[in-house]
Structures are given as structure tokens and as C-alpha cells.
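Subject: Structure handover

Hello,

Here is the structure I promised to pass on. Please open it first, then read the notes below it.

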Amino acid sequence: EFYNYVFDLSNPPLLKFILYQDEIGRTVLAINIHHIITDGWSMGIIKSEFIKYYSLISRNENVKAIKQFDYVDYTYRQLEYITNKSLTSREFWLDRFSSPIEVKEMPKDFIKSDNNSLGDVLISYLENDQKTKLLSLKKELNTSSFIIMYSAFLILLSKITETKKPACFIVNAGRDHYSTHSIIGFFVNAVLFNTEIDENLSFRLLIEKLQHQVFQVFENQHF
């Protein structure tokens, strides 16, 4: 019942705690939080903060709450951004998507069901020599592993969908300002990215092109 609890978004709080002993006598603290107020980053904060304060209390030490930037401050900052800087970002996105996005079906070797499906997850690991080459290219081009892997993915996406300008979302933590690093809340942002894949462009030049474009997208992601 606890783990399957359905939250009512209009009736806070959107979290529940329970403390119980399991079948072998261990004390367990279970936390059920709606995803709309937390993300993966936040769970790490909750865990570290709990361990920190539990350790202080167990040693009978004083627990002092430290005033810091919180989610309310973040919302004010977002409103300020929308008021003062959103016009530039708006023009950026209107220009970037001035032409319609071409919708393509991914090729498949099975008959698609009409029922909604969660699909599946495919996990693949790089061999050591592949990882070494990736890190070497990353250092040579002064870029990130993400940009290199994302460039390769867009080339693949372009080929299998037979489109010159593939579009897909980039999911990022949304915590670009240092003040958000210690806040519990939902910051995850999915940014739509599209770029033209020029077959005459070398892979290295494509990486440089994408790196510049991805930086621009992230700079305007809060619009």
C-alpha cells in the first residue's frame, strides 16, 4: 500500500515516510516521493543529508540548519530570466525551428502493437581499446565524451531514418547554476535539438559544429 500510494497533486505534501522493521529485524526508513518534486540528483542530496544529520544526532551534537538557496529562490530567478532575457532565447528557438520538423518512423522488424508499451532497455559497454580511443579523441578535440557519442548517434539516426536533419531530445540535469546543486527539487530538462548532417563533412568537423550548437542550445534552454 505504501509503495503503490497514488498522490493527489492538489493535496500536498507529495511525499510519505515510513519506519519499520523487516523480517530479519533491520530498521528500514522508506521514502515515497512524487517525481514532480524530485529527481535523481535530489535523491543523492536526501541520502547524504540524512546520513549527515543522523550522525550528528547519534553523537548528541547540535544540528544547525544552514540557510541556503532553495527552490523558491530558483523560481524567482526563473521568472527574472523570463522577464529580462526570454526575448533573445525566443528568437533563438524560432530561428532554429523556422522550418517544420520532419517526422520519421524508426525502421523495425516487427508489427507495432496499438497498445502502449514501455519498451525495453539495451545496455552496451565499450571495450577498453574503444574507450582509450574515445578519451584520446576527446582530449585532442578539447570536447566531451557526450559530444562525441552524440555526434555518432545523430549520424546513425540520420542513416536509419533517411533524413538529413534528425531531431531528438537531450535530457540534462538542468542545474547549470551552482546554487542549484544542493537543492531538492525537479530540475531535469529535455531540450529538443536538431542539426543538418552533411555527408561531405568529416566526423571531426561535425563534432566541432555540434559542440558549438549544443552550447547555444543549453544557453537558451530555460525559455
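Helices (H or I, at least four residues) and strands (E, at least two) are runs assigned by DSSP, and they are numbered from the N terminus. The model is a predicted one, in which local features need pLDDT of at least 70 and side-chain atom pairs count only at pLDDT 80 or more, while totals for chains, interfaces and linings use all residues. Residues are numbered from 1 along each chain as its sequence is written, and side-chain values use heavy atoms, with hydrogens and water left out.

The whole chain

The protein chain has six helices and four strands. Along the sequence they come in the pattern β-β-α-α-α-α-α-β-β-α. Along the principal axes, the C-alpha atoms fill a box of roughly 65 × 50 × 40 Å. The radius of gyration (taken over C-alpha atoms, with a globule rule of 2.2 Å times the number of residues to the power 0.38) is 23 Å, whereas a compact globule of 223 residues would have a value near 17 Å. As an example of distance, Phe-215 and Ile-24 are 191 residues apart in sequence and 52 Å apart in space, C-alpha to C-alpha.

A contact means heavy atoms within 4.5 Å. Of the contacts with a separation of 6 or more, 60% are between residues 24 or more positions apart.

The chain exposes about 17000 Å², and carbon and sulfur atoms supply 57% of that area. Accessible areas come from the Shrake-Rupley method with a 1.4 Å probe, and for residues only the protein chains shown count as cover. Buried means under 20% relative accessible area, exposed means over 50%, and partly exposed is in between (1.4 Å probe, protein chains only). By this rule, 27% of the 223 residues are buried. Phe-215, in helix α6 (residues 203–219), is partly exposed because its relative accessible area is 47%.

The nonpolar patch

Patches are made of residues with over 30% relative accessible area and no salt bridge; like charges are joined within 9 Å, and nonpolar side chains (Val, Leu, Ile, Met, Phe, Trp, Tyr) within 5 Å. Which residues make the nonpolar surface patch of about 710 Å²? They are Phe-17, Leu-19, Leu-29, Ile-31, Phe-50, Ile-51 and Tyr-54. At least two of the residues come from each of β1 (15–21), β2 (27–33) and α1 (40–58). The largest share, three residues, is from α1. Phe-50 is in that helix, and with a relative accessible area of 44% it is partly exposed.

Salt bridges

A salt bridge is a side-chain nitrogen of Lys or Arg within 4 Å of a carboxyl oxygen of Asp or Glu. The whole structure has six salt bridges. Three of them are described here.

- Arg-204 and Glu-140 meet at 2.5 Å, N to O. This pair links distant parts of the chain, with Arg-204 in helix α6 and Glu-140 in helix α4 (residues 128–141), 64 residues apart. Arg-204 is partly exposed at 39%.
- Lys-164 pairs with Glu-199, and their closest N and O atoms are 3.1 Å apart. Lys-164 is in the loop between α5 (145–161) and β3 (167–172) and Glu-199 is in the loop between β4 (189–194) and α6, so the pair ties together parts 35 residues apart in sequence. Lys-164 is partly exposed at 46%, while Glu-199 is exposed at 63%.
- Arg-90 and Glu-91 meet at 3.7 Å, N to O. Arg-90 is partly exposed at 40%, and Glu-91 is partly exposed at 43%.

Aromatic pairs

Rings of Phe, Tyr and Trp (its six-membered ring) pair if their centres lie within 6.5 Å; planes under 30 degrees apart count as stacked, over 60 as edge-to-face and the rest as tilted. The count by this rule is 10 aromatic pairs. Tyr-5 and Phe-7 form an edge-to-face pair, 5.0 Å centre to centre with 80° between the planes. Tyr-5 is partly exposed at 39%, whereas Phe-7 is buried at 13%.

Why is the pair of Tyr-71 and Tyr-74 tilted? The ring centres are 5.3 Å apart and the planes are at 50°, so the pair is tilted. Tyr-71 and Tyr-74 are separated by about one helical turn because they are three residues apart in helix α2 (residues 71–84). Tyr-71 is partly exposed at 31%, and Tyr-74 is buried at 9%.

Ring pairs also link Phe-146, Tyr-150, Phe-153 and Phe-193 into a cluster.

Regards
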